[in-house]
Structures are given as structure tokens and as C-alpha cells.
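Me: I would like to go through some of the labels used for this model and ask what each of them rests on. Please set each value against its definition before you conclude.

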Amino acid sequence: MSEVVFLSNKDIQIASGSSSGKGIKITKLVSAPLPEGAVLNGVVMDQDMVIEAIKSAWQTYKLPKSEVTLILNSPQLRANRIDTPMLSDKKITEFISRETSSSEYGRFQKPVTGWYLVAKDSKAKTNKVVYEKAEAEFINKYEEIFDKAGLKLKAIHGGVQLATEFFAGSSAGKTVIYMILDGNSLVTIFFASGKYYYDSTTRVFAQPGTPEFAREIYNAISSIRQFMSAQHLTETVKDVLFAGLTQPQVSSLANDILNIDSQIDVSVVTPPSGTTIADGSIGFPFYIYPIAGVRRVTEGQSILKATKQNVVQSEERKSAMKLAIPFAIILGIVALVYLSLTLVLNATKKELKEVQSYINNPDTQAQVAEYDAMYGNMEDIGKVQGGANLLHKYIDSYPIPDSSVNAKILSAAKPHNVDVDFRSYNAKTGIFKITASSPVVNDINLFIADLMTMDIFQDIDYTGYEIEPDGTRWQINVVCTLAARDADSSKEVN
């Protein structure tokens with residue numbers, strides 16, 4: 001029996017249950033409110049309020065305090081999929097660390113990595129795993145919160161990938177879209193012919209039951225269709241299974257969607273085969289993430305364990321350095337003294353007479369004077385040449401904001417129906433500032449993703465989603481930092 005906690009922006013959801021084989025048995029589903037602003041997108045904003053809310057929930061429902069698993073959906077806990085060779089757990093961890101050390105996680109100062117096994121392909125001799133990355137400080141903070149609440153935290157996982165695996169079995173051979181609404185956060189998971197292809201998280205602004213809400217949901221479905229077209233998938237999207245709404249709300253949504261597109265069938269998600277819930281399945285659509293967390297995963301490297309190992313290794317390195325530094329200094333001094341004395345003793349006696357004789361030779365003195373004059377002249381010329389070469393290199397590598405840059409930005413915008421407004425360029429920093437706008441938020445995301453793949457940019461940052469006053473288009477400010485050009489090292493300055 002285990003307790004699985006999901007922290008949303010508005011409440012604490014708890015599922016008590018156990019897992020056997022591919023099935024799970026849920027004995028209790030409960031929830032407790034979170035103070036407004038205590039948690040935002042999985043990031044704790046007020047630690048004391050979160051601790052008190054967890055304590056209160058456990059006291060109210062008299063839940064066990066050990067074997068607690070935490071589920072989060074947060075940009076601070078990145079989860080994704082990767083194929084790895086069939087290796088030992090340690091070597092798989094090293095492989096994932098190497099393969100995922102890209103700029104995608106460049107904002108993590110001290111990242112830790114965990115992973116769990118999804119499937120094995122014996123024919124290809126590969127494993128499919130879900131890896132999770134986060135800042136060590138982010139994980140430590142949650143461990144501290146649960147410790148102060150009197151609970152033993154055994155695991156931390158990202159909710160979207162757990163939900164994906166939870167629905168994978170019931171999606172075998174089907175083309176289906178799962179949508180999970182948590183507050184105003186909409187997670188979309190897409191399977192084509194039973195194979196997982198895509199998931200995304202978007203923000204919903206309209207209230208359920210309104211035509212505007214149905215339009216936002218349909219826009220998310222349209223984004224899936226665009227993805228299918230880009231991937232050359234021939235399957236037809238028809239079934240949409242919705243979680244996070246009541247049956248009447250889903251029925252209203254289904255009718256509104258039918259008025260837009262008669263080919264789409266929206267219905268309430270139901271528990272997969274093998275899932276039993278003691279109080280019936282009426283609460284199932286609202287507890288997807290904690291229920292999915294009850295399902296046993298094959299841990300390769302827990303991110304919680306990796307964080308603890310990181311702390312231990314850091315302390316060990318500090319202790320070892322403190323002990324080693326004095327000995328290294330002493331040893332270095334002794335070695336230096338010994339070497340110096342040996343060289344002086346062996347060389348001085350042998351060379352003293354030869355050096356004195358050579359120095360006093362008139363021919364040698366004349367050559368020395370001539371050499372000094374030439375060397376001084378060459379040194380001056382070398383400084384000038386070196387400065388010229390360095391300046392040439394800087395000029396060659398300086399980014400050029402010519403029309404080709406604008407053309408590449410516009411070419412990335414065109415396939416996604418995104419309008420681009422070039423606002424400014426700073427020659428000192430190499431920064432372009434542009435504004436991107438589109439009727440569909442996800443089109444802007446796809447456009448920014450394409451910009452990130454371009455080697456002409458060193459960095460892409462974007463902030464401030466806003467909707468235009470007439471409500472028809474979204475816009476965002478995008479900051480593009482030009483990358484330095486490759487200087488031709490073979491060129492010389494005459």
C-alpha cells in the first residue's frame with residue numbers, strides 16, 4: 001500500500017492504493033485545498049503554507065506517513081523519453097547524463113537525473129526509458145517540506161509521463177487524444193495506432209461550458225492534426241477522451257465541438273482495464289495523476305536517490321579537498337626544493353668555467369649586442385602583428401544582422417502562420433528583439449522551437465504572452481541573440 005500525492009495549483013490530491021502486475025487497486029481518493037498562491041506550476045511559493053496544508057490533510061484523513069510518492073507537473077522537473085542500449089543501471093544513468101546535457105537544460109545550475117524503464121526491445125537491444133531532470137535544490141526543497149510535515153518521501157515523478165504510460169495499454173491499436181484539465185492547465189497526450197507520439201501543456205483561458213472554451217479545445221486538436229501532417233501520419237483523429245470535467249460538462253463540450261467539427265467525438269475518460277476504485281469510478285477523471293502514480297514503475301535511478309548521492313559526493317569532495325590541500329602544498333614545496341638543489345649542484349660546477357670563458361669572448365659579446373638589437377625590433381613587430389591578427393579574428397566573428405537573418409526568421413514563421421514584427425537590434429550585444437503574433441498560441445510555440453534549431457542564434461528567450469484587445473490574436477516578445485560567426489583561422493593580415 002502506498003500514498004501518492006499530486007500538488008496542483010489549487011489543491012492536494014491523494015490516492016491510496018497498491019499495484020500488482022499491470023493492474024492497480026485504489027482504496028481511497030481524497031483531496032484537500034491548497035492556500036491560493038502557495039504552489040505555482042509545481043514550484044513552492046510559500047513553504048510554510050504547503051507544510052501546514054499537507055499536515056492538515058494527513059490528520060483529517062488519517063493516512064499512513066511512510067511510502068509517500070510525490071507527483072508534480074512543473075517546468076522545474078523536466079521529463080522526457082529516450083532509447084538507451086541495454087546496459088547496467090549505472091551505465092544507463094551515465095548514458096542519459098551525456099545524451100541530455102544539451103542547451104535544453106542549460107538553465108539548470110546543478111541538475112540531477114533520474115529514470116525509470118518503460119519497455120525493452122530485445123530485437124534492437126534497446127530500452128525505452130523516461131528520464132527526469134531537475135535542480136538538486138528543487139528536489140531537496142520538497143524533501144524538506146515532507147520531512148517537516150512528518151512524512152517519509154520515497155519518490156518524486158513528473159505527472160504527464162506517468163499518465164502517458166497509464167493510458168498506453170488501453171490505447172493499443174487506437175488513434176486517440178487524451179486531454180487532462182487541471183485548473184487552467186491543459187495537458188494533451190496523443191497516440192496514433194497505439195504508439196505514443198506527442199504531449200503538450202497549454203493554458204486555457206475560457207471557462208468550461210462556454211463556446212470559447214470549446215474553441216480553445218478544438219485549437220489544441222488542430223495542433224495535433226498539424227503535427228500529424230508534419231510527421232506524414234495518415235491516421236484519422238476522431239476520439240478525444242477528456243479528464244478533469246464532470247459528465248455534464250463533457251457532454252456540453254462534445255456538443256459545442258460537434259458544431260465546429262462533426263468528425264470529433266468527445267467523451268469522459270474511463271479507468272483502463274485492470275484499474276479498480278473502491279468508491280466507484282465517478283472521481284476517476286479528477287485524480288488521473290495520483291492514480292497513475294500508484295502504478296508501479298521499474299526504477300533505474302530515482303531522482304530522489306540521485307539528489308542524496310549528489311549531496312554526499314559533494315560533501316566527500318569538500319572533505320577530501322580540505323585534507324589534501326595541506327599535504328599537496330608540503331609535497332610540492334619539498335619536490336621543488338629537492339629538484340632545485342639537485343640541478344644547481346650537478347650543473348653549476350660543470351658549467352661555471354665554460355660559461356665564464358664564453359661570456360668573456362669578444363666575438364660572443366659582439367654577437368650578443370647584435371642579437372639584442374634584432375630581438376627588440378622583432379618583438380615590436382610581433383606585437384603589432386599579433387594585435388592585427390586578433391582584431392581581424394574579432395571582426396570575422398562579429399555577427400552581421402543583414403537581411404539574411406530577417407529572411408530566416410520569416411521563413412521559420414511562415415509555415416506556422418505567425419506574423420513577425422522586427423522591433424530593434426543592439427549592435428553591442430548582438431540582440432534582435434521581435435514580436436511574434438498568431439491566432440493560435442501553439443503556432444507561436446512551434447515557431448519559437450524552429451528558431452531554437454537555427455545555428456545563427458546563440459540564445460532564444462521569450463516572455464509575456466498577451467492577447468490583442470480584439471481577442472483574435474496572441475503575441476509574445478522574443479529576444480534572439482545572434483551567434484558569433486566562425487572566423488577563418490587560415491586568413492592572415494598583411
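Me: What makes the crossing of helix 10 and helix 11 right-handed?
Reply: In this predicted model, the crossing of helix 10 and helix 11 is right-handed, a word used if the near helix is turned clockwise from the far one by less than a right angle, anticlockwise being left-handed. The contact is made by Ile-409, Ala-412 and Ala-413 of helix 10 and by Phe-447, Asp-450 and Leu-451 of helix 11, where contact means heavy atoms within 4.5 Å. By class, this contact has 5 nonpolar, no polar and 1 charged residues.

Me: Why are helix 10 and helix 11 called oblique to each other?
Reply: Their axes, lines fitted to C-alpha atoms over the stretch in contact, with angles from 0 to 180 degrees between N-to-C directions, come within 9 Å and cross at roughly 140°. Angles under 35 degrees count as roughly parallel, over 145 as roughly antiparallel, 65 to 115 as roughly perpendicular and the rest as oblique, and helix 10 and helix 11 are therefore oblique.

Me: Why is Phe-447 called buried?
Reply: Phe-447, found in helix 11, has a relative accessible area of 0% and is therefore buried, since buried means under 20%, exposed over 50% and partly exposed in between, with a 1.4 Å probe and protein chains only. Leaving out residues up to four places away in sequence, Phe-447 touches Ile-409, Ala-412, Ala-413, His-416, Val-418, Val-420, Ile-434 and Ala-436.

Me: How do you know that the end C-alpha distance of helix 5 agrees with its number of residues?
Reply: The expected span is 1.5 Å times one less than the number of residues, so the 20 residues of helix 5 (residues 211-230) should span 28 Å, and the end C-alpha atoms, 29 Å apart, agree with this. Among the buried residues of helix 5 are Phe-213, Ile-217, Ile-221 and Ile-224, and what covers the buried residues includes helix 6 (247-260) and helix 11 (441-452).

Me: Why are helix 1 and helix 3 also called oblique?
Reply: Helix 1 (residues 47-61) and helix 3 (residues 136-148) pack at about 45°, with their axes 9 Å apart, and are therefore oblique to each other. Helix 1 passes helix 3 in a right-handed crossing.

Me: Which conventions lie behind these values?
Reply: Residues are numbered from 1 along each chain as its sequence is written. Local features need pLDDT of at least 70 and side-chain atom pairs count only at pLDDT 80 or more, while totals for chains, interfaces and linings use all residues, and side-chain values use heavy atoms, with hydrogens and water left out.

How values were computed. Helix = DSSP H or I, 4+ residues; strand = E, 2+ residues; numbered from the N terminus. Nonpolar A, V, L, I, M, F, W, Y, C, P; charged D, E, K, R; others polar.
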